[in-house]
Amino acid sequence: MTERELIKKLNNLQNVKPDASWKTSHREILLSQVQNTCGDFHVSVLENFWMVTRNVFASVPQFAWASVAIVLFLTTGIFFGDRLPVGPNNSLYIARVISERAKLGTMSDGEAKSRLTVQYASEHIRDIASTLSEADNNADAASVAKLNDTFKTEMAKVKDNLPAAKISDDTALVTIADSEISTTGLVVYTPGSGDKKDAVATSTPPVVEVKDAKVILDEAEKLFNEKNYSGALDKLDEASKVIKQ
Amino acid sequence: MTNRNPVQKFKERNLFSRLKKKDKDAFIEAYDLYVDDIHRFVYFKIGNKEEANDLTSIIFLKTWEYIKNNSLTDSRTLRALLYKVARTSIIDYYRQNQVVSSLDDDKHPIEVIDDSQSVIEQINLNSDLEIIRKKLPELKMEYREVIIMRFINDLELEEIAEVTGKTKGNVRVLLFRALKALRELIEEQNKNN
């Protein structure tokens with residue numbers, strides 16, 4: 001007989017029980033004896049609530065609570081993380097990045113995915129530039145270097161995804177709000193001047209005041225490398241407007 | 001062996017918390033929950049059904065007396081408390097009666113109450129019981145005790161350690177030796193047959 005077989009046989013002995021009649025009669029005797037002792041039992045609602053809560057926490061294994069906490073953290077991060085107003089130096093930033101990646105991972109439309117990638121990456125760039133512009137001279141060199149690297153990575157990501165997102169082609173032209181159709185063709189107003197001049201032909205391209213997004217990003221990168229963070233931020237704002245159109 | 005699930009653990013903890021407040025209804029619920037286990041523990045330790053009935057009654061009354069007069073801070077679980085009272089009651093019983101350990105003799109066979117069992121299961125159970133009936137009393141008292149608590153009544157190692165006043169490691173070693181001793185006794189009998 002193996003140990004396992006012996007244990008199984010011993011487990012079978014759990015079915016040995018006292019007579020039901022003895023149990024019932026003894027229960028009644030016990031009940032009457034117990035009822036005759038000490039006063040009534042009273043527990044307030046609040047006391048009962050704490051008792052139950054404490055026992056629930058004590059009955060469930062700690063690793064189960066830890067798992068629930070992790071799942072809650074990830075769920076919150078996935079659904080709300082991209083709305084968190086946190087910068088790269090914040091500990092919740094990782095939740096935001098996880099959330100963004102999760103959202104990108106669920107997208108199947110290539111163009112929309114690229115557009116969202118550009119949007120997230122440009123937001124990261126803005127955050128990095130903003131953090132560095134606020135950092136004083138005593139800032140940790142290692143973290144500054146890390147932010148610089150991240151900036152370059154995110155910038156490359158934006159530039160790579162711009163053609164796929166079909167942003168630069170559409171937004172390289174001035175918006176139609178600055179023009180109007182007349183009988184002579186497309187009438188173009190010089191932005192801000194208020195003067196009108198008739199176009200020679202309807203095919204004449206409108207005056208291009210808004211630059212290509214890639215050009216603006218290049219300028220922003222240049223300013224960033226020169227540590228002109230406020231200038232870079234202005235350029236990034238300009239690029240963001242173009243990208244969002 | 002089945003481990004108790006969190007719902008059962010919660011129920012037991014809640015019952016124990018209520019007993020700390022001297023709740024009489026909680027004690028009757030505890031009786032319903034544990035009477036089979038305590039009776040079985042007593043029965044396999046003293047080996048006589050009638051005396052197991054009497055002793056089980058005494059154990060529950062003593063436990064209620066203890067609950068009434070104490071704050072129950074020295075026991076971590078209700079089961080551990082009941083087994084501690086059962087253990088001391090059995091020791092008292094031995095002191096008073098000076099009995100020789102044996103399970104019920106052939107004239108008074110053990111009654112197994114379980115309507116859900118098939119005839120084959122019932123026969124198997126009786127055969128297992130027969131082996132234990134003959135061989136369990138031959139084991140040292142402390143071996144017998146840990147085997148009953150762990151493998152028949154399904155107590156956790158921590159609870160056995162609390163009831164016996166030993167460390168978890170000691171209980172584990174004791175269980176290993178007890179099982180080995182019981183297995184040797186059974187194999188010896190099989191050879192003789």
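Q: How many of the residues of chain A count as buried?
A: Of its 245 residues, 20% count as buried. Buried means 20 or more other C-beta atoms within 10 Å of the residue's own, with C-beta atoms placed from the backbone. This is a predicted model, where local features need pLDDT of at least 70, side-chain atom pairs count only at pLDDT 80 or more, and totals for chains, interfaces and linings use all residues. Residues are numbered from 1 along each chain as its sequence is written, and chains are lettered from A in the order in which they are written.

Q: What helices and strands does chain A have?
A: Ten helices and three strands. These are DSSP runs, numbered from the N terminus: H or I of at least four residues for helices, E of at least two for strands. The order from the N terminus is α-α-α-α-α-α-α-α-β-β-β-α-α.

Q: OK, the interface. How many residues are in contact between chain A and chain B?
A: 36 residues of chain A are in contact with 44 of chain B. Contact means C-beta atoms, placed from the backbone, within 7 Å.

Q: Which element of chain A gives the most to that side?
A: α2(A), with ten residues. α1 (3-12), α2 (20-35) and α3 (45-59) of chain A each supply at least two.

Q: And how does the chain A side divide by class?
A: 20 nonpolar, ten polar and six charged. Nonpolar is Ala, Val, Leu, Ile, Met, Phe, Trp, Tyr, Cys and Pro; charged is Asp, Glu, Lys and Arg; the others, Gly among them, are polar.

Q: At what angle do α2(A) and α2(B) pack?
A: About 155°, with axes 10 Å apart. So α2(A) is roughly antiparallel to α2(B), a term for angles over 145 degrees. Axes are lines fitted to C-alpha atoms over the stretch in contact, and angles run from 0 to 180 degrees between N-to-C directions.

Q: Which residues make the contact?
A: From α2(A), they include A:Arg27, A:Leu30 and A:Val34. From α2(B), B:Phe27 and B:Tyr31 are among them. By class, this contact has seven nonpolar, one polar and three charged residues.

Q: Switching topic. How many residues are in the largest nonpolar core?
A: 47. A core is a set of buried Ala, Val, Leu, Ile, Met, Phe, Trp, Tyr and Cys residues joined through C-beta atoms within 7 Å. α2(B) gives the largest share, twelve residues.

Q: What does B:Ala30 touch?
A: B:Leu15, B:Leu19 and B:Leu78, not counting residues up to four places away in sequence. B:Ala30 is also among the residues with the most contacts inside that core.

Conventions:
Two residues are in contact if their C-beta atoms, placed from the backbone, lie within 7 Å. A residue is buried if 20 or more other C-beta atoms lie within 10 Å of its own, exposed if 12 or fewer, and partly exposed in between; C-beta atoms are placed from the backbone. Angles under 35 degrees count as roughly parallel, over 145 as roughly antiparallel, 65 to 115 as roughly perpendicular and the rest as oblique.
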